[in-house]
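The following note sets out a few points for a colleague who is reading this model. Each point keeps to one residue or one group of residues.

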Amino acid sequence: MLDGFHTALATPGLIWLALTIGVAGIVRGFAGFGTALILVPIGNLFLSSADVIALTVIAGLFSGAALVPRALKVADIKEVSILAVASALTVPVGLWVLSQLDQVAIRWIAAVVSALLLCALISGWRYRGKMDTARQTGVGAGAGVLGGMTGLTGPVVILFYLARATRAEVVRANTILYLALLDVIIVAHMLWQDLIGFSIVAISIILAVPYVGGARIGQALFRAEYEKTYRTVAYTVIALAVITGLPVWD
């Protein structure tokens, strides 16, 4: 076990991963999302796509433990449950796609999805149609596929929430709860398919320290009246991460 931690400490780019996940934690704490959008592009520079997904979701378990209790007091449990159940059914599809594509292709998909989400949010796009159970199920299913394939567990659901006229406090709580549930689902599937090795678990435990610390800072900073500021900061950090993680810089 100690050898595994020694190997983890020797991971190329570990200091950059620590800085990145610390910033991602702060954004996740005050905005309710952003971990994968920030961590995946940078993580792909140093780790395999499968390891980045494992790192993202395992780290998410730690942040979930810190953020979920408060989110439960505000979240719409019924709606989040529908999204999570639908995602659970489609995560295996995303993991299968991951096994069929090479790492560069996965990186491009992650970058394009993140960029499209960011553009939609910045433009102020709003979905005006009715969002019934069937449509919520579709959103959850799409999120499950994308999460299993790239580690981007949130974009589909984040767009779903931020494109609606919903209070920032509720959006944040629902997103925190949903992402925590999806992290558990993906970890379970990856363990079942033997896709998580001890080395990435060791790296995740090491990086959990700056991540949880950042998440708690972000949570302490959150104030509903500063919604515009939160979104501006989150969008800026995500944009920088997407640009930095593009395969063209290799």
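**Notes on the predicted model**

1. Leaving aside neighbours within four places in sequence, Ser204 is in contact with Ala54, Leu55, Ile58 and Phe62. The structure discussed here is a predicted model, and the points below should be read accordingly.

2. Ser204 is found in helix H10, which spans residues 198-221. Its relative accessible area is 0%, and because the limit for a buried residue is under 20%, Ser204 counts as buried. A polar atom of the Ser204 side chain lies 2.7 Å from the backbone oxygen of Ile200.

3. The largest nonpolar core has 74 residues. Phe33 and Tyr178 are the residues with the most contacts inside this core. Helix H9, residues 168-192, gives the most to the core, with 12 residues.

4. What does Tyr178 touch, if residues up to four places away in sequence are not counted? The list comprises Val80, Leu83, Ala84, Ser87, Gly140, Ala143, Gly144, Thr153 and Val157. These contacts may be examined together with the place of Tyr178 among the residues with the most contacts inside the largest nonpolar core.

5. His189 lies in helix H9. Is His189 buried or exposed? With a relative accessible area of 17%, His189 is buried, since the cut-off for that class is under 20%. Not counting residues up to four places away in sequence, His189 touches Ala88, Val91, Pro92 and Leu95.

6. Gln193 is placed in the loop between H9 and helix H10. Its relative accessible area of 31% makes Gln193 partly exposed. Leu95, one of the residues that His189 touches, also has a listed distance to Gln193: their C-alpha atoms are separated by 9.3 Å, while the two residues are 98 apart along the chain.

7. The last point concerns the surface. Val104, Trp108, Val112, Leu116 and Val248 make a nonpolar surface patch of about 460 Å². Val104 has its place in helix H6, residues 103-123. At 43% relative accessibility, Val104 counts as partly exposed, because that class lies between the buried limit of 20% and the exposed limit of 50%.

Key. Residues are numbered from 1 along each chain as its sequence is written. This is a predicted model: local features need pLDDT of at least 70, side-chain atom pairs count only at pLDDT 80 or more; totals for chains, interfaces and linings use all residues. Side-chain values use heavy atoms; hydrogens and water are left out. Patches are made of residues with over 30% relative accessible area and no salt bridge: like charges are joined within 9 Å, nonpolar side chains (Val, Leu, Ile, Met, Phe, Trp, Tyr) within 5 Å. Accessible areas come from the Shrake-Rupley method with a 1.4 Å probe; for residues, only the protein chains shown count as cover. A salt bridge is a side-chain nitrogen of Lys or Arg within 4 Å of a carboxyl oxygen of Asp or Glu. Helices (H or I, at least four residues) and strands (E, at least two) are DSSP runs, numbered from the N terminus. Buried means under 20% relative accessible area, exposed over 50%, partly exposed in between (1.4 Å probe, protein chains only). A nonpolar core is a set of buried Ala, Val, Leu, Ile, Met, Phe, Trp, Tyr and Cys residues joined through side-chain atoms within 4.5 Å. Contact means heavy atoms within 4.5 Å. A polar contact is a pair of N or O atoms within 3.5 Å; within protein, one must be able to donate a hydrogen and the other to accept it, and residues adjacent in sequence count only if both atoms are side-chain atoms.
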